[in-house]
Amino acid sequence: LHALGAAVCTVAQGTGETTARVTHLERAVATVLESASTAHQESYLHATVRARRGIFPELLIACVLTAHAEDGTFLVGDVRQTLQRMIRREVRGLANQVFALTEEGRGSVCVKRGAGATATFRFVDATFEPYILLRGLEAGWTTGRAPEHLPGLTAELGDFERAA
């Protein structure tokens with residue numbers, strides 16, 4: 001995220017402005033994502049490939065924005081609450097989708113500890129979380145441009161900006 005701050009300043013300076021604007025942020029996000037590690041880009045692509053009604057891009061953002069324990073772990077129930085606020089509808093079967101993030105087919109971006117309702121998850125690579133947030137910025141999650149398939153997100157935008 002430090003790279004994002006530097007990129008915003010560079011973009012603003014390049015336009016001759018001394019105040020950063022949303023348009024500078026949008027261009028800076030694109031620049032930082034283009035220069036992100038190949039590993040992060042590939043992990044994100046594997047994790048978010050859509051499968052019948054899958055919501056993996058949104059799920060990853062919800063996993064990042066959900067409150068984490070000191071050791072970086074999170075619970076499926078907490079992710080469900082965050083995701084339901086984001087997409088404004090009930091979500092079922094989320095445990096299977098979160099668990100899928102631990103499997104090779106989804107890039108093994110998370111690991112699971114424990115079993116059942118008390119199982120916890122965490123990201124394998126903590127540096128992947130800021131990349132996910134940047135992908136969320138790219139999609140408009142914090143600039144008020146919610147993805148077309150998720151209308152009405154802006155009402156709760158402040159909650160997500162504080163969580164990030």
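**Group meeting: a walk through the model**

Let me begin with Ser108, which is partly exposed, with a relative accessible area of 31%. This is a predicted model, so please keep that in mind throughout. Ser108 sits in the loop between H6 and E2. Its phi is positive, near 50°, and Ser108 is not a glycine. For background, most residues other than glycine have a negative phi.

Which other residue has a positive phi although it is not a glycine? Arg88, with a phi of about 55°. Arg88 lies in the loop between H5 and H6, and it comes after the end of H5. Its relative accessibility is 43%, so Arg88 counts as partly exposed.

That brings me to helix H5 itself, residues 76-87. It has 12 residues, and at 1.5 Å a residue it should span 16 Å; the end C-alpha atoms are 16 Å apart, so the two values agree. Which residues of H5 are buried? They are Val76, Val79, Thr82, Leu83, Met86 and Ile87. Looking down the axis of H5, you find these buried residues within an arc of 125°, so they line one face of the helix.

Now the core. The largest nonpolar core holds 42 residues, and Leu59, Leu101 and Phe123 have the most contacts inside it. Several elements supply at least two residues each, among them helix H1 (2-14), H5, E3 and helix H7 (128-139). Which helix gives the most? H4 does, with eight residues.

Setting aside neighbours within four places in sequence, Leu101 is in contact with Ala47, Phe56, Leu59, Leu60, Cys63, Arg106, Ser108, Val109 and Cys110.

Three strands form an open sheet in the order E1-E3-E2, with antiparallel pairing. The edge strands are E1 (74-75) and E2 (110-113), and each pairs on one side only. Strands of a sheet pair through backbone hydrogen bonds. Between E2 and E3, residues 120-123, there are four bridges. Val111, for example, has Arg122 in E3 as its bridge partner.

Last, His24, in helix H2. Is His24 buried or exposed? Its relative accessibility is 1%, so it counts as buried. Leaving out residues up to four places away in sequence, His24 touches Val8, Val11, Ala12, Thr15, Glu17 and Thr19.

That is the end of my part.

Conventions: Residues numbered from 1 in each chain as written. Predicted model: local features only at pLDDT ≥ 70, side-chain atom pairs only at ≥ 80, totals over all residues. Heavy atoms only, no water. Pairing = 2+ DSSP bridges. Expected span 1.5 Å × (residues − 1). Buried < 20%, exposed > 50% of the residue type's maximum accessible area, 1.4 Å probe, protein only. Arc of directions from axis to C-beta. Core = buried A, V, L, I, M, F, W, Y, C linked by side-chain atoms within 4.5 Å. Contact = heavy atoms within 4.5 Å.
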